[in-house]
Amino acid sequence: MAKQIEVTDVDAYYSGHKAIEGISMTIDARAVTAFIGPSGCGKSTFLRTLNRMHEVIPGATVTGKIRMEEQDLYGADVDPVSVRRTIGMVFQRPNPFPTMSIYDNVAAGLRLNHRYSKSELDGIVEESLKGANLWNEVKDRLPKPGSGLSGGQQQRLCIARAIAVRPQVLLMDEPCSALDPISTLAIEDLIAKLKQEFTIVIVTHNMQQAARVSDKTAFFNLAAQGQPGKLIEMDDTTKIFTSPSQKATEDYITGRFG
Amino acid sequence: MREGGSAPLSRSAFRRSRGDGPFRYASTGAGILLLVIMAAIAVFLIARAIPALQANTASFLTELTWNANASEPKFGIGALAFGTVLSSFLALIIATPIAIGVALFISHYAPRRLASFLGYIIDLLAAVPSVVYGLWGIIFLVPFMRGPSQFLNDYFGWIPIFGGDQVVGRSMLVGSLVLAIMILPIIAAISREVFLQAPKMQEEAALALGATRWEMIRMAVLPFGRPGVISAAMLGLGRAMGETIAVALIFPATFTISYEILSANGNSIAANIANGFGEANDIGRGALIASGLVLFVITLLVNMAARWVISRRKEYARVAA
Ligand SMILES: Nc1ncnc2c1ncn2[C@@H]1O[C@H](COP(=O)(O)OP(=O)(O)OP(=O)(O)O)[C@@H](O)[C@H]1O
Ligand SMILES: [Mg+2]
């Protein structure tokens, strides 16, 4: 259920403006990879190139190569819709569908692909909500709207929605930045659990969080405002946080800039 | 309708800012003035309608003629109210799906330059006076629709609404079509506005789940836009119901209640007023005013129904923070 991603020399543009440049890396399967770096260095942009969400923005383009195991994600015959089905995404701000019930939110992605029987759907919804550590809190109010939950619960609902379709990879863009410390811990626990099944990439501004949850850490930086962001270094998380090979990385994680 | 009174805090804890007082009085005054004017109009209309209704020698609800100027006035609202409701709802049923399609195309499919051009065109069309649509209807659409109407009658005559022995150009269907074309731009323009405001967050959530564009629209745009589209449709319906000139030109002004939309049936309260007010005597005018009040009540009921439909899903309407 989890696959490795191989990125080679990726650039991404917003209507001609280059936002990231020359990014190459390997994202391990069944591991958590954290992206860190100062604001505006292109972490979100790069993350969104991984599931072809970048090109959804008018005028946005990508060059370079991204492979998931044997498959070229940007191949001419590849449907971006199917890429997004295999690579799920959780956004910075919880975004459940406000007009849908909790149940329908989790089932939303499932209903796109196949016709499931009611009992199959019930089973997957329950399993996904349990997977997102939310089941006990919502099992008595599944028909209620998802927008009635707390922010932390909504974010876990979004995670449940994303894992319900059984993706290979789960991308998370600052999933905890809108949450209180307790909800944050709940989600970090969840990430530790999910990595047994999924390849996980998480963008975070929280150094402790990166250190706590991730196996590998990638540090991005930009030379100056207006310049494209670049990957400075990527290594085991312990290595990055104890003895990074780049001066810029050390400065950033020790809080000397950014 | 307006929030009256002051916030409980403002008096004790904070001084009211200086511009606030005069503005409050001005707005309250304007509100009261509006209510007084409306009440005066209502009283005037009802006072004119009552003598005519008393002079009516037939039942106002069931009589199927309109001889209000006769020495023994006989008139009934039934056929007119029926025609008003049927033609407006037909127009709505024809116009709304097309308007939603147009609005979605502009908001979510068309390339940006084409979209702004089309949006501009729609806004322009919405501002065209209805008499233009009426004239176009009588000159172009009435002859043009003879063939298609005959076709519907020949092959789908077994459906009651397309039945009937004689197909005419100036029919309920053609009148409704003109109304539909007339209200389409306004429904499309408002729907487009609403669809453009659909939260990007939810659209991206749908796309990231592997939704196609159409699936994304169904998951994130349409549910969000629903109340707005209903409001737009109601605005269109109100226009269709109140429309005078366009339908007065086309409807054959009969006093029948018939579902056969291809036959020579068709009239509406507003068309009847336009056709009859000029040569009406005192009782005749009173009768037309009474019919106008009925139109007002119908519009009111429709609007209340729409509000009810919109508020039924209030719980879901709260957008996630
Ligand atoms: N929709 C957009 N249109 C145009 N430019 C954009 C868009 N989104 C981001 N950018 C630009 O791309 C660059 C990278 O932005 P990105 O959001 O990827 O940074 P980030 O590392 O995620 O920052 P943060 O930590 O603040 O989320 C920035 O210069 C930003 O201004
Ligand atoms: Mg970001």
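Guide: The term pLDDT denotes the predictor's confidence in each residue, from 0 to 100. This is a predicted model, in which local features need pLDDT of at least 70 and side-chain atom pairs count only at pLDDT 80 or more, while totals for chains, interfaces and linings use all residues. Residues are numbered from 1 along each chain as its sequence is written, and chains are lettered from A and ligands numbered from 1 in the order in which they are written.

Visitor: What is the mean pLDDT of chain B?

Guide: In chain B, 91% of the residues reach 70 or more. The mean pLDDT of the chain is 88.

Visitor: In which helix of chain B is confidence lowest?

Guide: Helices are DSSP runs (H or I, at least four residues) and strands likewise (E, at least two), numbered from the N terminus. Confidence in chain B is highest in helix α3 (residues 78-109), at a mean of 95. At the lowest, a mean of 48, stands helix α1 (residues 8-12).

Visitor: How many contacts does the stretch of residues 1-10 of chain B have beyond near neighbours in sequence?

Guide: Two residues are in contact if their C-beta atoms, placed from the backbone, lie within 7 Å. Over residues 1-10 of chain B the pLDDT is below 50. Where pLDDT is low, the predicted coordinates should not be read in detail. Beyond near neighbours in sequence, the number of contacts in the model for this stretch is four.

Visitor: Is P94(A) buried or exposed?

Guide: P94(A) is found in the loop between β6 (87-90) and α3 (102-113) of chain A. A residue is buried if 20 or more other C-beta atoms lie within 10 Å of its own, exposed if 12 or fewer, and partly exposed in between, with C-beta atoms placed from the backbone. Because 27 other C-beta atoms lie within 10 Å, P94(A) is buried.
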